[in-house]
Amino acid sequence: MSKTVLTVDDSRTMRDMLKVALTTAGYTVIQAEDGQHGLDVLAGSQPDVIITDINMPRLDGFGFIEGVRGDSRMRAVPILVLSTESDVEKKQRARAAGATGWIVKPFDPVKLVDAVRRVAA
Amino acid sequence: MDALAEIKQTFFQECEEQLVELETGLLAIEAGDHDSEVVNAVFRAVHSVKGGAGAFNLTDLVHFAHTFENAMDLVRVGRLAPAPPLVRVMLRAADILADLVRAARADAPHDAARAAAVAAELTACCAEAAPKGAKATAVGSVAAAAPEPAADDAFEFVPLAVDLSDFGDLAPMPGLNRFRITFRPRPELYAKGNDTVILMRELALLGDALVTCDTGGLPGLADIDPEGAYFGWTVMLETERDEAAVREIFDFVEWDSTLEVEPVAAPAPAEPDEEEFVFEPIPLDELPDLGPPDLDPPAPAPGEAEPSQAVVVPLRAAEPAAVPAAADAATEHRPAAQASPTIRVDLDRVDRLIDLVGELVINQAMLAERVNEAGLARMSQVAVGLDELEQLTREIQDSVMAIRAQPVKSVFQRMPRLAREVAMQVGKSVRLVTEGENTEVDKTVIERLSDPLTHMIRNAIDHGLERPEVRLAAGKPEEGQVRLSALHRSGRIVIEISDDGAGINRERVRAIAVEKGLIPPDTKLTDEETDNLIFLPGFSTAATISDISGRGVGMDVVKRSIQALGGRISIASVPGKGSTFTMSLPLTLAVLDGMVVTVAGHTLVIPLTAIVEILLPKATEVHGFGGNARVIGVRNGFIPLVDVGEVMGFRGSLEDARAGVALLVEIEGGARSALLVDAIQGQRQVVIKSLESNYGHVPGIAAATILGDGRVALILDVDTVAAAGSRVGSPDLTLALAG
Amino acid sequence: MNEAHKTDGAASRELISFLIGTQEFCVDIMSVREIRGWTPATPLPHSPGYVRGVINLRGAVLSIVDLAARLGFPPTEPSARAVIIVAQVGHQVVGLLVDAVTGILTVTSDTVQPTPDVASDMARSFVTGVLAVDGRMISLITLDHVLPAAERQAA
């Protein structure tokens with residue numbers, strides 16, 4: 001059984017890129033379009049890893065991570081944050097909110113899969 | 001690679017959407033809406049474009065977006081006030097961004113100098129930003145809602161000083177390197193979903209690892225905090241990789257642990273302290289496979305991470321919560337349904353479907369006629385079944401048409417930029433207000449609306465609006481307003497373009513028309529008729545042909561293109577208050593509700609939307625009117641009576657109008673005319689077929705259709721026929737039609 | 001002109017021959033889509049006399065040109081043998097009303113002879129050459145100008 005990754009990103013481009021890279025590597029991918037949608041999706045699923053963007057409408061990445069960590073079912077699910085190289089502050093805020101690690105955008109598929117593997121139990 | 005090319009297309013599509021968001025947001029900000037959601041949406045739009053552009057190495061786009069994003073970020077955190085001059089620069093930056101996206105999409109060059117100039121303007125604006133921590137004034141709401149800068153955060157970020165070359169020196173490649181790794185996690189590590197076991201597994205992938213666990217920190221059972229972290233780990237690693245590779249594994253956990261990585265000279269077995277309780281060192285390759293360690297080929301379904309054996313159990317116990325096994329079915333199905341509410345379909349497929357449904361409609365009609373001919377009773381099972389089939393066919397047709405329907409947004413959204421550019425060129429100040437941009441209409445209609453709309457917006461700004469000083473003198477606001485709106489009305493889409501300018505200068509319009517020989521000098525015209533002169537071919541109102549409305553394209557071309565879409569256009573103008581152009585267009589170019597009529601043995605279809613009333617002419621109502629023209633008295637007025645059979649050249653004039661039926665039609669500009677036909681067959685929805693694709697334009701005919709008997713019937717072009725027939729004293733109807 | 005150039009080649013080509021009145025004509029088989037029986041056409045107003053009107057060809061509207069009238073002969077009185085040759089002309093598809101199809105010819109370019117001077121102007125603008133086959137004289141015609149010029153422009 002392959003592992004499931006939930007990707008949360010408001011950009012269709014990013015969602016598609018993540019999906020292609022992850023499915024190629026053998027993961028099952030489920031998607032959400034923003035933080036709120038991500039929490040909705042989580043209500044009905046239990047991914048092995050979550051990848052989330054930060055800047056999103058409705059509920060941003062920080063809020064989403066806090067939401068996930070606040071759910072006893074999800075407290076231990078690794079969460080990777082998509083961030084740009086320069087977003088040092090954001091990386092730190094994401095960590096404070098409970099992010100497990102990060103993926104630097106633009107990512108290359110190998111690094112992405114590497115990062116997922118590094119946190120996937 | 002194909003997948004990537006496809007994603008790239010998605011990216012460009014998404015960019016278009018983001019550009020709309022961007023412009024909409026900026027216009028809202030310009031209008032004084034400084035709500036943090038609006039500002040954030042604008043920021044996100046730029047950010048998204050940049051993110052995607054980075055993925056596809058679109059460097060120019062990334063750089064420009066980056067500059068733009070920086071400026072937007074300063075606004076977002078309240079260090080820069082979105083004052084009108086800044087917003088104007090940003091609107092121009094949005095235009096540049098759009099140009100860059102389009103250039104990238106077409107793989108074409110762009111105006112780098114212009115981009116650089118606007119980027120410089122943005123940077124200059126950024127230089128005026130309030131210092132970090134301070135807020136720019138005048139944007140209280142933004143400042144309050146904006147995220148706090150990181151400086152205020154409890155966690156101070158310490159940049160990671162990892163100089164890779166240094167490590168390279170310490171551990172030259174190739175050859176085996178040995179490291180002693182001491183790692184002691186803090187509870188936060190687990191709280192963030194990291195896992196020591198996985199880290200150890202990753203280390204083992206680098207080479208031979210010998211792991212020992214230091215349980216010295218473990219308190220008495222009673223004092224154990226289930227979410228605490230009590231163990232320390234020492235790993236002796238023999239690897240071909242360098243120290244940077246080792247440290248990379250701990251990248252995510254560096255803040256939540258203490259880590260030491262020391263190169264070791266000689267292979268020395270770990271010498272654990274005597275006092276430490278030592279787990280039996282377990283070679284890590286004997287650990288259960290906890291994940292896809294080798295992802296090429298695609299991960300073989302790894303065993304479910306069963307909490308396992310000696311080393312792992314204590315760790316798991318210390319974890320906040322064990323991960324329950326995934327509920328597979330739910331995981332895979334439910335979210336998918338939530339996450340993908342739309343699909344993208346090749347337009348050709350939709351069109352093929354529409355064609356087929358068109359055929360179905362015709363076939364169904366043919367079948368109905370056959371049944372009718374066979375003399376089956378209306379209540380017979382076949383007839384009843386056929387009724388149901390007809391109902392179903394109509395529903396299928398409506399649903400299929402709805403697939404092609406799109407909001408007019410895609411064409412409306414191009415207009416604000418156009419308005420800005422035109423206003424700048426002619427030195428006027430204008431606000432473009434759009435309404436009803438979610439009104440849906442067939443995609444083909446939308447595509448063909450772009451040119452006429454572009455032209456009319458240009459006209460409205462160039463000719464409609466007065467110069468700023470004139471406006472001020474007239475007691476109007478300096479900034480002119482152009483409204484662009486769309487709405488559905490009785491099965492058609494109505495698009496209006498109105499300006500609050502000077503209105504049509506009727507004296508001048510008339511003078512021009514006379515001067516150009518379009519009307520005889522002594523013609524008596526109503527205001528409405530005068531206004532409609534601007535639609536005549538060869539009419540141009542501009543005293544000097546500016547490069548905006550120039551190029552020889554006049555309102556006659558606009559009118560023709562609207563008519564080609566089965567639409568009508570009219571103008572209403574009030575001196576000093578402005579002009580409104582109203583276009584009414586069919587929602588689809590594929591079907592039409594028609595009145596099927598007989599004219600001299602020919603079957604013709606007249607669009608139902610044109611018909612106002614059906615009249616049975618009585619002798620007293622029809623009057624000769626010079627030459628062979630006739631009018632019909634309708635209530636208190638007289639309306640030209642147009643003999644369709646004669647205009648079409650099917651026969652001579654129908655001597656006795658009482659033998660026929662007159663259809664009162666409304667033509668463009670609101671004028672009315674009565675079309676005389678021999679008989680009415682009935683109403684029917686018909687599928688529109690082009691005559692042009694395999695033949696050409698036929699004067700007086702808008703298109704063709706196929707009736708229930710399989711024969712082609714022609715659809716009348718009501719405006720042209722009415723105009724030709726009512727042209728008083730015109731001896732050559734063919735010429736009148738062709739003109 | 002194009003047709004004339006093509007006949008310069010030595011390669012063989014296939015032609016469909018048909019009758020208009022008592023005279024035989026042929027067109028290149030490559031331009032023929034299908035041949036179908038005559039069905040009454042819906043007349044088009046204000047169209048030249050040789051345009052019989054339009055018919056429904058599986059959902060598409062097909063214009064019908066009476067080839068006899070187009071070539072300057074008396075108009076065809078459609079009989080049971082009359083057929084419509086559906087031909088591709090440029091981007092358009094046109095139906096040609098002829099009296100009957102007589103067969104398929106395989107010819108090489110050297111069998112095509114120049115149009116004799118006796119032909120009428122109308123015929124000369126369509127006929128690009130003549131063939132002698134089994135004692136019959138068959139005129140090879142080009143379809144480039146069968147539709148009225150204005151209509152072709154408008155399309």
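Let's start with the aromatic rings: by the rule used here, there are 7 aromatic pairs over all chains. Rings of Phe, Tyr and Trp (its six-membered ring) pair if their centres lie within 6.5 Å, with planes under 30 degrees apart called stacked, over 60 edge-to-face and the rest tilted. One of the pairs is Phe11(B) with Phe12(B), a tilted one with 5.3 Å centre to centre and 50° between the planes. Both Phe11(B) and Phe12(B) are buried, where buried means under 20% relative accessible area, exposed over 50%, and partly exposed in between (1.4 Å probe, protein chains only). Ring pairs also bring in Phe56(B), which makes a cluster with Phe11(B) and Phe12(B). Another ring, that of Phe43(B), has the charged end of Arg76(B) sitting over it, 3.7 Å from the ring centre. For that label, NZ of Lys or CZ of Arg has to be within 6 Å of the ring centre and within 35 degrees of the ring normal.

A quick word on what you're looking at. This is a predicted model, in which local features need pLDDT of at least 70 and side-chain atom pairs count only at pLDDT 80 or more, while totals for chains, interfaces and linings use all residues. Residues are numbered from 1 along each chain as its sequence is written, chains are lettered from A and ligands numbered from 1 in the order in which they are written, and side-chain values use heavy atoms, with hydrogens and water left out.

Now to the helices of chain B. Helices (H or I, at least four residues) and strands (E, at least two) are DSSP runs, numbered from the N terminus. Take α9(B), residues 196-206: 9 of its 11 residues are buried, so the helix is largely enclosed by the rest of the structure. Among those buried are Thr196(B), Met200(B), Arg201(B), Glu202(B) and Leu206(B).

Helix α19(B), residues 506-515, has Arg506(B), Val509(B), Ile512(B) and Ala513(B) as its buried residues. Looking down the axis of α19(B), you find these buried residues within an arc of 130°, so they line one face of the helix; the arc is that of the directions from the helix axis to the C-beta atoms. An α-helix has 3.6 residues a turn, so residues three or four places apart point the same way. On the face turned away from the buried side of α19(B) you'll see the exposed Glu507(B) and Glu515(B). The cover over the buried residues includes α20 (527-531) and β10 (568-574) of chain B, a contact being heavy atoms within 4.5 Å. Just after α19(B), Gly517(B) takes a positive phi of about 75°.

Strand β11(B), residues 578-586, is the place of Thr582(B). What does Thr582(B) touch, not counting residues up to four places away in sequence? The answer is Val494(B), Ile495(B), Glu496(B), Arg568(B), Ile569(B) and Ser570(B). Thr582(B) counts as buried, at 19% relative accessibility.

Further along chain B, 6 strands form an open sheet with mixed pairing, in the order β14-β18-β19-β17-β16-β15. Its edge strands, each pairing on one side only, are β14 (611-615) and β15 (622-624) of chain B. Neighbouring strands of the sheet are turned by 35° against each other on average, direction ignored; the axes are lines fitted to C-alpha atoms, for helices over the stretch in contact, and angles run from 0 to 180 degrees between N-to-C directions. Two strands pair if DSSP finds at least two bridges between them.

Strand β16(B), residues 630-634, has 5 of its 5 residues buried, so it is largely enclosed by the rest of the structure. Arg630(B), Ile632(B) and Val634(B) point one way from β16(B), and Val631(B) and Gly633(B) the other. Next in the sheet, β16(B) pairs with β17(B), residues 637-643, in the antiparallel sense over 5 bridges. Val634(B) stands opposite Gly637(B) there, and in the hairpin, which has 2 residues between the strands, Arg635(B) takes a positive phi near 50°.
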